[in-house]
Amino acid sequence: MKFTIQVNEGPYQHQSSDTAYQFAKAALEKGHEIFRVFFYHDGVNNATRLTTPPQDDRNVVNRWSELAKEHNLDLVVCVAAAQRRGIADKDEAQRNGKDADNLADGFRISGLGQLIEGGIQSDRLVVFGD
Amino acid sequence: MSESKKFLYVNRKAPYGTVYALESLEVVLIGAAFEQDVQLLFVDDGVFQIVKGQDTKGIEMKNFSPTYSALGDYEVTKMYVSKESLEERGLTVDDLMPLTYEDEDDDWAEKDSIILVNKDEIAALMEEQDVVLSF
């Protein structure tokens, strides 16, 4: 089955990103396809490489990056939600006149159309959030 | 895109206090360009999103409620509202904004977009969707 996953909450405050990650991993292990993971609302905060959790805690951001690398996942961060919350890649930072960027490896910034397309192209769209 | 799916946006949160309602509306507006069969459902505190006479000056937030009135022009013509959620909050349909659309198949007659539904009807509505996005 082909899945699109939507993550609506930030890391650490909520468990949704953890659950979405575990769902994605389990689905891939069972041979399912992940068409896309879309990060929306505070979910865009899962994409900052500046995240520095204590050493004995899981690194939510790196975990997504590693899963993306391993399975060639498409991790998409909503541009409008990202701009509001200060998540930027090099191009976005430059476009908006910011002095830094923080997008983690394996993520890309794009528009809400990517979420709708995920809904159209996938057998199931699964939403993780409050 | 030739394939058309039934999309239901489930709005469950109050319009202010969290950003879910505003950002849900942004998805609906972008999604409208994809020519899918779109429905909105307002349930729980989500019914407050379409209450008329919203004034946000005191909280210094943008009042985005006029946007719901424009959805008819984006061919979003079905806005389901939970009867129980209205009743639980002491609201009636008269407390809601008049949301309408012009029916191109009926000489552009102005029609109500709001459809009141009970819990069983909501369950049936969800059952018939291809994609349910909840906010």
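User: Which residues line the second largest pocket?

Analyst: This is a predicted model. The second largest pocket has a volume of about 160 Å³. Its lining divides into 4 nonpolar, 1 polar and 3 charged residues. The residues are Ala32(B), Glu35(B), Gln36(B), Val38(B), Asp73(B), Tyr74(B), Glu75(B) and Val76(B).

User: How much space lies in the largest pocket?

Analyst: The lining of the largest pocket includes Asp37(B), Gly72(B), Lys78(B), Tyr101(B) and Trp108(B). Val38(B), Asp73(B) and Glu75(B) also belong to that lining. The space in the largest pocket is about 220 Å³.

User: Which element gives the largest share of the lining of the largest pocket?

Analyst: Strand E2 (37-42) and strand E4 (100-103) of chain B are the elements that give two or more residues to this lining. The largest share is 3 residues, and it comes from E4(B).

User: How many residues of the lining of the largest pocket are charged?

Analyst: Asp103(B), Glu104(B) and Lys78(B) are among the lining residues. The lining divides into 3 nonpolar and 2 polar residues, and the charged ones number 7.

User: What is the area buried between chain B and chain A?

Analyst: Contact here involves 23 residues of chain B and 21 residues of chain A. Carbon and sulfur atoms give 59% of the buried area. That area is about 1,800 Å².

User: How many residue pairs are in polar contact between chain B and chain A, and which element of chain B gives the most to the side that touches chain A?

Analyst: With both residues at pLDDT 80 or more, the count of pairs in polar contact is 10. On the chain B side, strand E1 (6-11), helix H1 (20-31) and strand E7 (131-134) each supply at least two residues. The most, 8 residues, comes from H1(B).

User: How do the residues of the side of chain B that touches chain A divide?

Analyst: H1(B) gives 8 residues to this side. Sorted by class, the residues of the side divide into 13 nonpolar, 4 polar and 6 charged.

User: How many salt bridges are counted between chain B and chain A?

Analyst: Over all chains, the structure holds 19 salt bridges. Arg84(A) forms one with Glu26(B), with the closest N and O atoms 2.6 Å apart. Between chain B and chain A, the count is 3.

User: Why does the salt bridge of Glu23(B) and Arg84(A) join two chains, and what is its N to O distance?

Analyst: Glu23(B) lies in helix H1 of chain B, and Arg84(A) lies in helix H3 (residues 79-85) of chain A, so the pair joins two chains. Their side chains meet in a salt bridge, with an N to O distance of 2.7 Å.

Terms used:
Residues are numbered from 1 along each chain as its sequence is written. Chains are lettered from A and ligands numbered from 1 in the order in which they are written. This is a predicted model: local features need pLDDT of at least 70, side-chain atom pairs count only at pLDDT 80 or more; totals for chains, interfaces and linings use all residues. Side-chain values use heavy atoms; hydrogens and water are left out. Contact means heavy atoms within 4.5 Å. Buried area is the accessible area (1.4 Å probe) that two parts lose on being put together, summed over both. A salt bridge is a side-chain nitrogen of Lys or Arg within 4 Å of a carboxyl oxygen of Asp or Glu. A polar contact is a pair of N or O atoms within 3.5 Å; within protein, one must be able to donate a hydrogen and the other to accept it, and residues adjacent in sequence count only if both atoms are side-chain atoms. Helices (H or I, at least four residues) and strands (E, at least two) are DSSP runs, numbered from the N terminus. Ala, Val, Leu, Ile, Met, Phe, Trp, Tyr, Cys and Pro count as nonpolar, Asp, Glu, Lys and Arg as charged, and the others, Gly among them, as polar. On a 1 Å grid over the protein atoms alone, a cavity is a set of points where a 1.4 Å probe fits but cannot get out, and a pocket is an open set with protein on both sides within 12 Å along at least five of seven lines; lining residues have an atom within 4 Å of a point. Grid points are joined across faces, edges and corners, and a volume is the space filled by probe spheres set on the points.
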